[in-house]
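Good morning, and thank you for making time for this item. I shall go through one structure, and I ask that you keep the display open while I speak.

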Amino acid sequence: ILSILKETDRCIKLDIKDYGLIRRVIPILKNFGFEDDRIWINGTMDKLHRRCLQFIKEELPGSIRQCPVDFMGLFMLTSPRGARKSLEMFAGWGVSRFSISWKMRNSRKIINCLQNWGYEVNIYNVPDLEAFLQAVLTMPRSITSYFNFPKWFMDGRQEEKYPGRHHYRKIA
């Protein structure tokens with residue numbers, strides 16, 4: 001798969017669930033010739049802790065190193081100075097983009113805070129086309145979405161529910 005992605009000039013996004021794997025994954029990506037700016041690494045702060053993020057930043061300085069910060073949402077709204085200091089610390093560790101769930105309460109306000117503080121923002125958990133169009137208006141750097149069109153009997157999560165099977169329904 002990596003060779004196909006590289007040959008077709010695609011980028012790669014990795015969701016890291018195990019810190020121990022990153023030291024093995026990075027050399028593989030380099031061996032396939034992926035440039036840093038074609039690699040997007042996502043993981044939670046408990047998986048991509050300070051040492052891991054610094055290692056990734058040293059090895060792949062041009063990569064996107066993204067972490068969700070939903071856990072800080074209320075903190076950003078009630079104690080912006082304290083939240084900003086924490087975000088500065090995370091950015092110092094190597095986080096280059098922060099991610100927020102669209103379904104989170106006050107997500108627009110939190111996205112606005114992050115952007116006003118100069119951070120790139122990814123919005124995830126965008127459930128459908130209407131929400132996607134609303135999320136686009138916040139001008140994030142990236143959006144992660146499953147496109148669901150129930151009126152057309154299409155569900156973007158079908159692959160999640162039935163891996164390897166494709167479900168299509170004829171529209172009358």
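Predicted model: local features only at pLDDT ≥ 70, side-chain atom pairs only at ≥ 80, totals over all residues.

**Backbone, core and pocket**

Asn-125 is partly exposed, its relative accessible area being 29%. Asn-125 is not a glycine, yet its phi is positive, at about 65°. The residue is found in strand 5.

A second residue belongs under this heading. Asp-9 is likewise no glycine and has a positive phi of about 55°. Its place is in the loop between helix 1 (2–7) and strand 1. Asp-9 counts as exposed because its relative accessibility is 54%, and the cut-off for that class is over 50%.

Let me turn to the interior. In soluble globular proteins, nonpolar side chains tend to be buried together. The largest nonpolar core here has 42 residues, of which Ile-22, Met-76, Leu-87 and Leu-114 touch the most other members.

Consider Leu-114, which lies in helix 6, residues 107–116. Its relative accessibility is 0%, so Leu-114 counts as buried. Neighbours within four places in sequence aside, Leu-114 is in contact with Val-69, Met-76, Leu-87, Phe-98, Ile-100, Tyr-119 and Val-121. Leu-114 and Met-76 are 38 residues apart in sequence, while their C-alpha atoms are 8.7 Å apart in space.

Now to Ile-22. If residues up to four places away in sequence are not counted, Ile-22 touches Ile-16, Pro-27, Ile-41, Cys-52, Phe-55 and Ile-56.

Which residues of helix 3 are buried? In this helix, residues 50–59, they are Cys-52, Leu-53, Phe-55 and Ile-56. Viewed down the axis of helix 3, the buried residues fall within an arc of 160°, so they line one face of the helix. Arg-51 and Glu-58, on the other side of helix 3, are exposed. The partners against which the buried residues of helix 3 pack are helix 2 (19–31), strand 2 (39–42), strand 3 and helix 5 (80–93).

By class, the lining of the second largest pocket divides into seven polar, four charged and three nonpolar residues.

That concludes my presentation.

Technical notes: Residues numbered from 1 in each chain as written. Heavy atoms only, no water. Core = buried A, V, L, I, M, F, W, Y, C linked by side-chain atoms within 4.5 Å. Buried < 20%, exposed > 50% of the residue type's maximum accessible area, 1.4 Å probe, protein only. Contact = heavy atoms within 4.5 Å. Nonpolar A, V, L, I, M, F, W, Y, C, P; charged D, E, K, R; others polar. Helix = DSSP H or I, 4+ residues; strand = E, 2+ residues; numbered from the N terminus. Arc of directions from axis to C-beta.
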